[in-house]
Amino acid sequence: MTKEAALQAFFERFLPSYAAASVPSGEPGVEMPYLTYELITGAWEEGPVSLTVNLWYYTTSEATPNAKAREISEAIGPGGVQVPCDGGTIWLTRGSPWCQSLRDDADPLIKRRYINITANYNTLN
């Protein structure tokens, strides 16, 4: 599985997920909640890469997006998680700060969580 497909599969465990540059806006079937992530890849010698993940909800509740952010944090765990891919693994760890609650000026019912994840690509290419 390519690095790109491995990241997609990891994030799909939590919510429908889209690389930030490919959210199909206005298409039928794309409804909140969903997750977007920055698709940034690397290789062994390049060191850690910072990935931004955004959770998008349309709700009056703060509890629901907070619970999803916690679920992702628990899945990554304190030592990180190794995601298998072609030629090795992607070691995902929690970034700092982990999660920020952001307000959407367009609509107060849009709840967004801005999450920092660090990826180390344990691959040669």
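Predicted model: local features only at pLDDT ≥ 70, side-chain atom pairs only at ≥ 80, totals over all residues.

Me: Noted. How many helices and strands does the chain have?
Reply: Two helices and six strands.

Me: In what order do the elements run from the N terminus?
Reply: The order is α-β-β-β-α-β-β-β. The radius of gyration is 15 Å, close to the 14 Å that the globule rule gives for 125 residues, so the chain is as compact as a globular protein of that length.

Me: What box do the C-alpha atoms fill?
Reply: Roughly 45 × 30 × 20 Å, taken along the principal axes.

Me: And burial? What share of the 125 residues counts as buried?
Reply: 42% of them. The accessible surface of the chain comes to about 6700 Å². Carbon and sulfur atoms hold 53% of that surface.

Me: What about contacts across the sequence? What share comes from residues 24 or more positions apart?
Reply: 59%, counting the contacts with a separation of 6 or more.

Me: On to H1. Which of its residues are buried?
Reply: H1 covers residues 3–12, and its buried residues are Lys3, Ala6, Leu7, Phe10 and Phe11. They span an arc of only 125° around the axis, which puts them on the same side of H1.

Me: Why would residues three or four places apart point the same way in an α-helix?
Reply: An α-helix has 3.6 residues a turn, so residues at that spacing point the same way.

Me: Ala6 is on that buried list. What does Pro84 contact, leaving aside its neighbours within four places in sequence?
Reply: Pro84 touches Ala6 and Thr89. Pro84 and Ala6 are 78 residues apart along the chain, yet their C-alpha atoms are separated by 6.9 Å.

Me: Where is Pro84, and is it buried or exposed?
Reply: Pro84 sits in strand E4, residues 81–85. Its relative accessibility is 59%, so it counts as exposed; the cut-off for exposed is over 50%.

Me: Other prolines, then. Is the bond from Met32 to Pro33 cis or trans?
Reply: Cis, with omega near 10°. Pro33 is in the loop between strand E1 (17–19) and strand E2 (34–37).

Me: And the bond between Ser96 and Pro97, cis or trans?
Reply: That peptide bond is cis too, with omega about -5°. Pro97 belongs to strand E5, residues 88–103. As a general point, most peptide bonds are trans.

Me: Back to the loop between E1 and E2. Is Pro24 buried or exposed?
Reply: Pro24, found in that loop, has a relative accessible area of 18%, so it is buried. The cut-off for buried is under 20%.

Me: Which residues does Pro24 contact, beyond four places in sequence?
Reply: Tyr18 and Val30.

Me: Last one: Ser50. Where is it?
Reply: Ser50 lies in strand E3, residues 49–58. Its relative accessible area is 47%, which means partly exposed.

Me: Which residues does Ser50 contact, again leaving aside neighbours within four places?
Reply: Ile40 and Ile117.

Conventions
Residues numbered from 1 in each chain as written. Heavy atoms only, no water. Buried < 20%, exposed > 50% of the residue type's maximum accessible area, 1.4 Å probe, protein only. Helix = DSSP H or I, 4+ residues; strand = E, 2+ residues; numbered from the N terminus. Arc of directions from axis to C-beta. Rg over C-alpha atoms; globule rule 2.2 N^0.38 Å. Contact = heavy atoms within 4.5 Å. Areas by Shrake-Rupley, 256 points an atom, 1.4 Å probe, with all protein chains shown as cover.
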